[in-house]
Amino acid sequence: MGEMEEQIVMAHGSGGVATEELIEKIFAKAFDNPVLKEMEDSAVVEGYKKIAVTTDSFVVTPLEFRGGDIGRLSVCGTVNDLLMRGAIPKYLTCGYILEEGLSLKTLERVVTSMAKTAREAGVTIVAGDTKVIEGNGGLLINTAGVGEIPEGMDIKAAGAKPGDAILVSGTMGDHHGAILSHRMSIDSSIESDVAPLNQMVSNLLAGGVDVHTLRDVTRGGLGTVLKELADASACVFDIYEEKIPIQGNVEQFAGLLGLDPLYMGNEGKMVAILPEDQAEEALKIIRSSRYGENACLLGTVRENPDHENSKNEKKGRLLLHTEIGGVREMDILQGEGLPRIC
């Protein structure tokens with residue numbers, strides 16, 4: 001008989017010896033840094049004049065998937081949200097909710113992956129918490145992130161202006177396809193694109209480009225993100241179907257299941273909106289950055305002459321110009337975008 005694999009039990013959440021052993025052997029070992037070593041009830045860190053703060057929760061299944069895992073996902077999702085406001089990510093907190101029966105080896109792999117991704121993203125995990133609940137071996141992660149806003153930075157959803165160009169940093173639907181194919185036990189080569197975009201954003205802002213809007217393409221997909229941004233800026237976004245980058249295996253998978261790649265989510269891609277005369281330079285910068293080699297120019301922004309007369313609070317329009325010459329008006333995703341991707 002093989003050795004029985006260790007699992008999470010309710011005693012790991014007791015606050016006693018078992019809890020201390022779990023923290024010491026897995027969390028403290030992986031997240032080792034001077035602030036966390038103090039093991040205080042709150043972390044004291046260097047401050048800043050203006051900060052960005054975000055929080056997120058991650059409930060994806062499976063916990064480990066082709067191209068990533070819930071630990072990497074939790075760092076990337078939080079860091080990328082900070083980056084989309086032009087912030088420099090600095091600190092993360094993480095709360096682990098462990099279900100009884102979770103394999104300790106699985107937990108160790110997830111925590112190690114989270115620590116590795118935090119190093120890649122340039123952030124320090126300064127505080128954390130664990131809770132153990134009854135369940136079937138699952139794992140949930142909650143995070144909070146803090147980033148510094150440089151002087152004069154004003155990147156926002158409502159920042160798009162007529163005459164701007166719309167760029168996307170890579171192929172659509174990769175993460176959605178990876179999670180869904182795994183959940184459906186479909187043999188597929190699709191890998192999640194889960195990645196921190198710190199190098200890409202840093203290079204873009206350091207390159208002198210006048211970035212008006214950034215948004216990571218996650219739940220709801222590209223169609224939802226662009227419609228939300230069009231509404232926020234009360235503009236018309238014209239995008240062109242033939243310019244939207246989609247990997248062949250994702251396109252085939254979506255076609256097989258009747259899915260629209262424009263509403264399939266990613267976890268390592270972003271939209272950038274900036275002056276059209278700076279678009280080529282911005283593309284060059286993004287393509288030379290890690291995870292940006294497939295960046296494309298999708299379309300342009302123009303004034304919406306009807307928005308002042310609209311009784312609807314959604315004052316923008318997203319128009320998809322199809323390959324056969326038609327125009328399709330796009331809206332945000334209706335209903336639930338299955339499966340839950342984060």
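Q: OK, so is Y291 buried or partly exposed?
A: Y291 has 22% relative accessibility and therefore counts as partly exposed. This is a predicted model, in which local features need pLDDT of at least 70 and side-chain atom pairs pLDDT 80 or more, while totals for chains, interfaces and linings use all residues. Residues are numbered from 1 along each chain as its sequence is written, and side-chain values use heavy atoms, leaving out hydrogens and water.

Q: Where does Y291 lie?
A: Y291 sits in the loop between α9 (279-287) and β11 (296-303), where helices (H or I, at least four residues) and strands (E, at least two) are DSSP runs numbered from the N terminus.

Q: And what is the phi of Y291?
A: The phi of Y291 is near 75 degrees, which is a positive value although this residue is not glycine. Most residues other than glycine have a negative phi.

Q: Which other residue has a positive phi although it is not a glycine?
A: S185 is one, with a phi of about 55 degrees. S185 belongs to the loop between α5 and α6 (198-206), and because its relative accessible area is 67%, S185 is exposed.

Q: Switching topic, which peptide bond is cis?
A: The bond that runs from T61 to P62 is cis, and its omega is near 5 degrees. P62 itself is found in the loop between β1 (51-58) and β2 (64-65).

Q: How many aromatic pairs are there?
A: There are two aromatic pairs, taking rings of Phe, Tyr and Trp (its six-membered ring) as paired if their centres lie within 6.5 Å, with planes under 30 degrees apart stacked, over 60 edge-to-face and the rest tilted. In one of them, F27 and F31 have ring centres 6.3 Å apart and planes at 50 degrees, so this pair is tilted.

Q: How is F27 placed against Y96?
A: F27 and Y96 make an edge-to-face pair, with 4.8 Å from centre to centre and 70 degrees between the planes. F27 lies in helix α1 (residues 17-30) and Y96 in strand β4 (residues 88-99), so their pair ties together parts that are 69 residues apart in sequence.

Q: Are F27 and Y96 buried or exposed?
A: F27 counts as buried because its relative accessibility is 7%, and Y96 counts as buried at 1%. F31 is buried as well as F27.

Q: What do F27, F31 and Y96 form?
A: F27, F31 and Y96 form one aromatic cluster.

Terms used. Buried means under 20% relative accessible area, exposed over 50%, partly exposed in between (1.4 Å probe, protein chains only).
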